[in-house]
Amino acid sequence: MNPQFLMDGLIAGAMIGLGAIGVTLTYSILRFANFAHGELLSWGAYLAMAVSGALGMLSTTLVKPIAPFSFGWSLPIAAVIAILLTGLLALAVDALLFGRLRRRGSAVIILVMASFGASLALRSLLEFIFTSKPAYYTKALQIAVKLGGGLRATPDQLLSLGLTLVAVIAIHLLMTRTSIGRSMRAVSENPALAGIAGVDVRKVIRVVWFLGAALACIAGIMTGLLVQIRPYLGHDLLLPLFAAAILGGIGSVPGAMLAGLIVGLSEAAAVQLVGAEWRAAVSFVILVIVLLVRPRGLFGRAA
Amino acid sequence: MSLDILAYGAFFLTMALTYAIMCLGLNIQWGQTGLFNVGIAAFVAIGAYVSAILTTPETPDRFGGFDLPIVVGWLGASIAAGLAAWLVGALTIRLRSDYLAIATFGVAVSVQLCVLNIQPLTGGAFGVGFIPRPFGSLAGNPLTFSLANLALTACVVLGLYLALEHLTKSPWGRVLRAIREDEVAAQALGKRPIRFRLQAFTIGGAIMGLAGAVQGHFIGFIAPDNYLPILTFQVWAMLIVGGSGNNRGAILGAVLVWGLWALTAAAVSAFVPPEQQARASSLQIVAIGVGLCLILLLRPRGILGEGRSSIAGRFKPKSKAQQKFKE
Amino acid sequence: MSGSASTTPALEMRALVAGYEPDLPIVRGVNLSVAPGELLVLLGPNGAGKSTLVKAIAGVVPIHSGSVTLAGRDITHVPAHRKIAQGLAFVPQTENIFATLSIHENLQLAAAVLPKQLRADRIKALYERFPDLATAPSRLAGALSGGQRQMLAVARALIVDPPVVILDEPSAGLSPKIVSEVFEMLQQINAAGVTVILVEQNVKAALKIASRAVILVEGQIRHEGAAASLLDDPIVAKLYLGTGHAQNHSVGAEQP
């Protein structure tokens, strides 16, 4: 087997892991599986493209690639703005849809269903605005560098891996060391008690939406940068995201990242062994195995 | 001219009724039992392909082609889709309610992959053609052919409707309702909720498989594109519009939503310039998504009012117990 | 109405109607005034609405009408999470600690409502008061015993040094020895000047430590008086067990 599959799997796994952290956080605090999470990845990718394109029109120097990467300063600047916008989008959807259902005391499954409707609307809206034609942040080509051991990676890929590592460590520290992280864990265990203990549960929910959306946006931009931007970008990643969140154990940030890498590496291995056309089935197989053997996942609490 | 319209009307209604069958299957899963299935398209596809493989004439480059009667195909479709539903249900129904949703979503993705990639069985992207059509000998006369098919499909829907109504009123249906309204009490009476839920999910899956077969035979060919996630969305929209829990509502919802869908699609192709049609149809899907959310927010019991056995109980879980308390 | 007329009540309810559903009130018109420094016990048969009443005061159950004032300030519609900062602490009956957080994190979480510079000192003060908790503050709270959990729950409630603490059946599920320890702790807290309101099924033990008792039946106050005088009052048994039930049970009959 070509060792390069390890690098491919690692990169795919990093993006799945980032997205899965968002899924696991929103799942553990809002208590429902959000089928619209994939669309946050897609929206993040397109928003960054739109902002980056606008910046490029303002100044051509912003588009000039920063060596050794394939993109100019317009993309990192656009990424920051896109993160904010994706966060606002998530907050808006919550205010219009999920928040209202929550206050009414709707059953979990009603929220799942609403997320299903929201995902359909959000995805097709992207298709309407940007059409289903694939898009790219940059036309510049990159040459992969040799890393030794038969592995090769482009500078963009290495940067994405590095940024993922930074993001995961930052989220982990936020969850374990800060006041808002403590509040998030408290709400995830017992929202009613958290309220009694003085935690503003609605504020925590807003923070979680924003955080999940921000991570989704980063994962979406990376996918767009390393693969391509399509309206179905997030939808096609949704099953891997769910599989990773459940394999890692709902609520566990390190679990989601580790499981994301496992899913990514398994997909890459399957591409080598079985064929690329079966890639999308890998997550389902992993999901079935987890549900059969250990439904609470690697680091999850017993239900 | 008017005969053409009549033939088209019969064709349209027959298609709508095949969706009504799917809707009835979903109603027993969601409306009666509260199980959320995001993989309707997968169960429909399983039914359509199994029936096609059983009934098509022999083909050299494809497995299957057993040339069996259509009824055998229908039966095989129901059994295969029911079995698939049973497997998914057995895996997830004992877990959290949304794990079933995630698993059915996974089934939809995987079945779509299988249909595309196991070419020797499914014909890959080209699908399966020459599926025998009921009353195929009448095909020379479009009107008679359409009316005969409409009558046949209507009989299937009616038969299913009567059977499901009977089932709802049977002791089995009462247990299902009891579980839905007060799981703990039902458990205390010695009913095992997981088993009943699994049975309901399996029956629903089998009905969806039958729908796939009926539709496949009516059109005469099937391809992976017929079983995209949008199909799942459409069936959901139909049930929600009709009012879940209500079998008549499920049928009416299917006809209404399919009518609306076909009309807007026709309008798009008539009035929108060809290069903009893809965009216009994505707007059509946005409308379905927003509509689904709006109904959940504004009319959680469906547009057509409440079914006799509506899911209202689930929306106010406490009221019953407190009613007793107040007395 | 009882309680001291000359000072502002620590907590006062007027015509309070509350319940989970808008059309089904469980608490039906409660008027009650609690004087500063009292240790008040709320008694009543199962389903009388005791728990719902204290949850409504704490902001966990919706209030339909009437009012709640804390030291003269209207807190009827203050959301649950802001009540602790205003000086009203509530300890629920079950699941009253965060099992997946450490002991220290449980206290840190609660201390977050205080100004930053006070937090560390308040936590330190609580560790001095509850030395059991200080032995291993990084232990997960889920690993604590029943009595220790109750201690942590009370410590969590005391973090802001609130003038009023409400506890919902703190003795539930504890062994008799631990129950007496918990009650002793409550007495100490009360002796330090905190107004304590207690929901209890453990009638005899509660009446022994309380200064005053209120008996709730079907969401309304049916009887009240000095705790000591109620210990042997036959009306307590009558209200408690409901008319028509066996009346030969003594007040002290402890419910499971």
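**Figure 1. Strand β7 of chain C and its partners.** β7(C) and strand β8 (residues 195–199) of chain C pair in the parallel sense over five bridges; helices (H or I, at least four residues) and strands (E, at least two) are DSSP runs, numbered from the N terminus, and two strands pair if DSSP finds at least two bridges between them. The model is predicted: local features need pLDDT of at least 70, side-chain atom pairs count only at pLDDT 80 or more, and totals for chains, interfaces and linings use all residues. Residues are numbered from 1 along each chain as its sequence is written, while chains are lettered from A and ligands numbered from 1 in the order in which they are written. Within β8(C), C:Leu198 is the bridge partner of C:Leu167. Strand β6 (residues 88–91) of chain C also pairs with β7(C), in the parallel sense and over four bridges. Here C:Phe90 has C:Ile166 of β7(C) as its bridge partner, and C:Val91 stands opposite C:Leu167.

Figure 2. Five of the five residues of β7 (residues 164–168) are buried, so the strand is largely enclosed by the rest of the structure. A residue is buried if 20 or more other C-beta atoms lie within 10 Å of its own, exposed if 12 or fewer, and partly exposed in between, with C-beta atoms placed from the backbone. C:Val164, C:Ile166 and C:Asp168 point one way from β7(C), and C:Val165 and C:Leu167 the other way. In β6(C), C:Leu88 and C:Phe90 point one way and C:Ala89 and C:Val91 the other way, and all are buried.

**Figure 3. The open antiparallel sheet of chain C.** Four strands form an open sheet in the order β2-β1-β4-β5 (chain C), with antiparallel pairing. The edges are β2 (27–34) and β5 (73–74) of chain C, each with a single partner strand, so one side of each is left without a neighbour in the sheet. β1 (residues 11–18) and β4 (residues 63–70) of chain C pair in the antiparallel sense over six bridges. Helix α1 (residues 50–58) of chain C lies across β1, β2 and β4 of chain C and runs at about 70° to β2(C); axes are lines fitted to C-alpha atoms, for helices over the stretch in contact, and angles run from 0 to 180 degrees between N-to-C directions.

**Figure 4. The largest nonpolar core.** The largest nonpolar core has 275 residues; such a core is a set of buried Ala, Val, Leu, Ile, Met, Phe, Trp, Tyr and Cys residues joined through C-beta atoms within 7 Å. Helix α8 (residues 201–226) of chain A gives the most to this core, with 16 residues. The residues with the most contacts inside the core include A:Phe242, B:Val44 and C:Leu198. Leaving aside its neighbours within four places in sequence, A:Phe242 is in contact with A:Val23, A:Ala33, A:Leu287 and B:Ile102; two residues are in contact if their C-beta atoms, placed from the backbone, lie within 7 Å.

**Figure 5. Contact between chains B and A.** In this contact, 35 residues of chain B meet 38 residues of chain A. α3 (70–92), α4 (97–117), α12 (277–298) and α13 (312–315) of chain B each supply at least two residues of the side of chain B that touches chain A. The largest share, 13 residues, comes from α12(B). This side of chain B divides into 23 nonpolar, eight polar and four charged residues; Ala, Val, Leu, Ile, Met, Phe, Trp, Tyr, Cys and Pro count as nonpolar, Asp, Glu, Lys and Arg as charged, and the others, Gly among them, as polar.

**Figure 6. Loop residues in chains A and B.** The peptide bond from A:Ala67 to A:Pro68 is cis, with omega near 0°, and A:Pro68 lies in the loop between α2 (37–58) and α3 (74–103) of chain A. In chain B, B:Phe130 lies in the loop between α5 (119–122) and α6 (142–169). Phi of B:Phe130 is near 55°, a positive value in a residue other than glycine. B:Phe135 lies in the loop between α5 and α6 of chain B, and its phi is near 60°, again positive in a residue other than glycine. B:Phe130 is partly exposed, with 13 other C-beta atoms within 10 Å; B:Phe135 is partly exposed, with 14.
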